[in-house]
Amino acid sequence: MGEEAEGEAEGVTETKCSMPPDGGATGGEGMKDYAEFLASKRVRADSWGFDCDEATLPEYLFHFQRRIVAWSVRKGRAAIFAGCGLGKTIMQLVWAMQVAKHTGGTVLILAPLAVAAQTRDEGARFGIAVRVVRSHSEITGPGIYVTNYEMLEHFDCATFAGVVLDESSILKSFMGATKRAILEAFERTPYRLACTATPAPNDHLELGNHAQFLGVMASNEMIARWFVNDPMEAGNYRLKGHAEADFWSWVHSWAVSLEAPSDLGFSDDGFHLPPLIEREIVTKADVTDGAADGMLFRVGSLSATTVHDEMRRTCDGRARALADLVRAEPDEQWLIYCNTDYEADALKKELPDATEVRGSDSPAEKERAALAFAGGSLQILISKPRIFGFGMNFQSCARVAFVGLSYSFEQLYQAIRRCWRFGQKRDVHAYIVRADSEGEVLAAIREKGAKHEEMKKAMNDAMRREQLSDGMR
């Protein structure tokens with residue numbers, strides 16, 4: 001980081017004065033003035049919203065949900081980082097309803113593929129009219145509309161009074177050009193809301209993306225103010241030690257974060273997760289297949305270039321092992337994730353009655369399969385985390401399995417959360433099927449997971465202190 005950026009950051013997050021601003025008083029009153037002076041230097045997000053009394057919000061919202069919606073309406077541009085099953089969909093719908101009513105205009109909700117229909121149906125449950133649209137020509141008047149992220153280019157985004165990004169963390173999964181298009185499309189939209197589960201705390205650029213989308217602060221300015229390059233990991237940043245409290249205070253000025261209602265001081269009654277039972281199924285790899293000349297066995301560690309070769313060799317064995325599990329519990333729904341098309345082909349061969357959805361299928365086909373599975377009329381669904389790993393509510397299913405993994409911890413975490421979420425009534429069984437030669441991939445994911453949980457706790461603790469201290473004013 002350059003000297004100019006570093007100097008600017010220090011100028012914002014800490015004072016350069018060595019004496020209290022009263023000219024040198026050292027008594028209690030002087031220190032009080034000094035504390036107030038430091039507090040005045042804190043960076044806080046502006047509010048762009050309008051008055052909203054939580055007592056006037058719909059009674060079908062839980063108390064903690066009403067608190068969040070009223071706060072986000074008053075902010076006008078805000079982020080809701082809430083755990084799976086805490087009601088992000090209904091909160092964003094009520095927020096959109098308030099904005100549409102206040103402005104007499106239209107609000108667009110952008111959602112992952114197949115989530116749009118679930119959003120419409122959730123609105124219908126509570127008497128909120130939501131229309132699924134695929135182009136701007138289908139917008140006929142004021143109200144709430146929902147579409148998929150992939151349809152963005154078909155809309156005149158300058159006409160919307162408000163916008164909601166559902167599962168907004170998937171922004172980082174898009175290519176740079178698409179991400180920029182989303183940021184630019186809504187840079188003048190008056191009211192903006194971003195909703196996702198707790199963002200990856202070790203991916204500070206994700207927080208920066210949210211701040212930039214909301215118009216709070218550019219991502220690069222956020223990094224310059226509060227972060228330094230991490231010498232232990234190239235391309236990463238870490239919070240300056242003295243800046244941590246100031247940084248999370250700033251984040252809290254535009255975002256609310258919770259894993260349970262108690263994070264805001266409310267009761268957790270009705271919001272307790274059932275047990276998650278994780279199990280590895282390890283198959284035996286033929287290590288003589290693919291051995292180098294003069295060698296009896298394959299040797300060496302997996303890398304990004306060799307992992308697919310190894311997984312191709314073990315694919316059929318993994319598919320058979322998973323099929324045995326499925327056949328042992330024929331009355332259960334099964335959500336089966338694969339990482340490649342060849343794994344999907346092997347699974348389909350072993351489980352011919354299963355429904356398989358891949359990227360080349362039409363949006364209508366994907367939506368049809370997702371809704372059928374969510375409704376319980378589809379027994380076995382085979383797909384990839386990037387298709388059905390984000391946003392969907394599959395709590396009717398309590399069996400989720402992975403036959404092939406990428407190195408992404410987030411994909412694994414989010415995919416399991418489609419079933420293991422608040423509202424799930426049964427124990428959830430999650431299976432990871434791998435060959436004994438593929439342990440490095442899972443080990444790498446688990447290492448990322450441990451770091452994620454450690455940093456997420458630190459982030460949530462910091463946010464909880466801020467939230468409980470001011471009642472989300």
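Residues are numbered from 1 along each chain as its sequence is written, and side-chain values use heavy atoms, with hydrogens and water left out. Because the model is predicted, local features need pLDDT of at least 70 and side-chain atom pairs count only at pLDDT 80 or more, while totals for chains, interfaces and linings use all residues.

The chain holds 15 helices and 15 strands. Both are DSSP runs numbered from the N terminus: helices are H or I with at least four residues, strands are E with at least two. Of the 473 residues, 53% count as buried. Buried means under 20% relative accessible area, exposed over 50%, and partly exposed in between, with a 1.4 Å probe and protein chains only. Contact means heavy atoms within 4.5 Å. Among contacts with a separation of 6 or more, 73% join residues 24 or more positions apart.

The largest nonpolar core has 96 residues. Such a core is a set of buried Ala, Val, Leu, Ile, Met, Phe, Trp, Tyr and Cys residues joined through side-chain atoms within 4.5 Å. Leu322 and Ile336 have the most contacts inside this core. Helix 10 (residues 307–328) gives the most to this core, with nine residues. In soluble globular proteins, nonpolar side chains tend to be buried together.

Beyond its neighbours within four places in sequence, Ile336 contacts Leu322, Val326, Leu347, Leu351, Ile380, Leu381, Ile382, Ser383, Ala401 and Val403. One of these, Ile380, is found in strand 13 (residues 380–383). Ile380 is buried, with a relative accessible area of 13%. With residues up to four places away not counted, Ile380 touches Val326, Trp334, Ile336, Ala354, Thr355 and Phe373. Ile380 and Leu335 are 45 residues apart in sequence, yet their C-alpha atoms are 6.1 Å apart in space.

Helix 11 (residues 341–350) has the buried residues Tyr342, Glu343, Ala344, Ala346 and Leu347. These pack against helix 10, strand 11 (334–338), strand 12, strand 13 and strand 14 (399–403). Gly359 sits in the loop between strand 12 (355–356) and helix 12. Gly359 is partly exposed, at 36% relative accessible area. Leaving aside neighbours within four places in sequence, its contacts are Lys366 and Ile387. Gly359 and Lys384 are 25 residues apart in sequence and 8.5 Å apart in space, C-alpha to C-alpha.

Helix 5 (residues 115–125) has the buried residues Val115, Ala116, Ala117, Gln118, Thr119, Glu122 and Gly123. Their cover includes helix 4 (88–103), strand 2 (106–111), strand 3 (130–132), strand 4 (143–148), strand 5 and helix 12 (363–374). Just after helix 5, Gly127 takes a positive phi of about 75 degrees.

Helix 4 and helix 5 pack at an angle of about 70 degrees, with their axes 10 Å apart. Axes are lines fitted to C-alpha atoms, for helices over the stretch in contact, and angles run from 0 to 180 degrees between N-to-C directions. The two helices are therefore roughly perpendicular to each other; that class covers 65 to 115 degrees, with under 35 roughly parallel, over 145 roughly antiparallel and the rest oblique. Thr89, Ile90, Gln92 and Leu93 of helix 4 meet Thr119, Glu122 and Gly123 of helix 5. Apart from neighbours within four places in sequence, Gln92 contacts Ile109, Thr119, Val164, Asp166, Leu193 and Cys195.

In helix 6 (residues 176–185), the buried residues are Lys179, Ile182 and Leu183. Seen down the helix axis, they fall within an arc of 95 degrees, so they line one face of helix 6. The arc is that of the directions from the helix axis to the C-beta atoms. These buried residues pack against strand 5 (162–166) and helix 7 (204–214). Glu167 lies in the loop between strand 5 and helix 6. Although not a glycine, Glu167 has a positive phi of about 50 degrees. Glu167 counts as buried, at 6% relative accessibility.
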